[in-house]
Structures are given as C-alpha cells and as structure tokens.
Amino acid sequence: MLDIPKRFTATVSAIHDPGGNRRLVALDQRILFVSDRGGEGRLKVGDEVRVQKTSGVFGRRYRITGPSRRPFTALRIRCEHPDLNEANRRRCLLLER
C-alpha cells in the first residue's frame with residue numbers, strides 16, 4: 001500500500017489518451033490517475049503538478065493542477081493491489097514505460 005500525502009508535488013512521467021475523452025496520467029512513475037476531463041489541465045510529460053486529495057480517508061479522488069493552473073479531478077488507480085480487473089491492469093502498464 002502506498003502512503004500518499006494529502007498534498008504533494010510530482011512530475012508527469014507519462015500521459016495516455018485512450019479515447020472517450022479520458023486521460024491517464026502517471027506521476028513520478030509510481031502513481032496513476034484516470035480522468036474524464038484530463039485534457040483541461042493541458043499537461044505534458046515533464047511538467048510539475050500539484051496534487052491534492054479531495055475525498056475521505058479511503059477515497060481515490062484527487063485534484064491535479066499543472067502549469068496552466070486549470071485543475072481537474074482524477075481518480076487514482078491502485079496499481080499496487082493484486083486484485084485489479086483486466087482494464088486497470090492494462091492501464092497500470094503505463095507506469096512501466
């Protein structure tokens with residue numbers, strides 16, 4: 001289990017647009033997020049972002065703010081869990097790039 005603080009900064013290590021207005025964003029090659037509105041942040045690989053947890057203790061919802069200062073909400077995919085479904089297992093391969 002990763003210990004992720006409520007607020008932190010990270011570097012965008014990978015971005016993937018699988019279609020359907022979704023965007024996968026990998027941070028520091030260890031944390032993966034998926035967003036339905038990720039294009040609004042106008043992120044590029046190498047950008048530094050601020051991340052803030054916006055939901056409860058076991059929540060997965062985070063607000064990511066990049067250099068354009070347009071925040072967007074994203075869900076964290078828990079790639080460290082062994083019981084991932086097939087779709088999330090494929091998404092987690094982005095961290096291995």
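This is a predicted model: local features need pLDDT of at least 70, side-chain atom pairs count only at pLDDT 80 or more; totals for chains, interfaces and linings use all residues.
Visitor: Which residues touch the most other members in the largest nonpolar core?

Guide: That core has 15 residues, and those touching the most other members are Leu27, Phe33, Leu43, Val49, Val51 and Ile64.

Visitor: And which strands supply at least two residues of this core?

Guide: Six strands each do so, namely E1 (7–19), E2 (22–27), E3 (31–35), E4 (48–53), E5 (61–65) and E6 (72–77), with the largest share, three residues, coming from E1.

Visitor: Which residues does the second core include?

Guide: The second core is separate and has ten residues, among them Ala14, Leu32, Leu84 and Leu94.

Visitor: Changing topic, how many disulfides does the structure hold?

Guide: The structure holds one disulfide, which joins Cys79 to Cys92 with an S to S distance of 1.9 Å.

Visitor: Is that disulfide left-handed or right-handed, and why?

Guide: The torsion about the S-S bond of Cys79 and Cys92 is about -90°, and the disulfide is therefore left-handed.

Visitor: Where do the two cysteines sit?

Guide: Cys79 lies in the loop between E6 and helix H1 (86–92), whereas Cys92 belongs to helix H1 itself, so that the pair, 13 residues apart, links distant parts of the chain.

Visitor: Is Cys92 buried or exposed?

Guide: Cys92 counts as buried because its relative accessibility is 9%, and the cut-off for buried is under 20%.

Methods
Residues are numbered from 1 along each chain as its sequence is written. Side-chain values use heavy atoms; hydrogens and water are left out. A nonpolar core is a set of buried Ala, Val, Leu, Ile, Met, Phe, Trp, Tyr and Cys residues joined through side-chain atoms within 4.5 Å. Buried means under 20% relative accessible area, exposed over 50%, partly exposed in between (1.4 Å probe, protein chains only). Helices (H or I, at least four residues) and strands (E, at least two) are DSSP runs, numbered from the N terminus. A disulfide is a pair of cysteine sulfur atoms within 2.5 Å.
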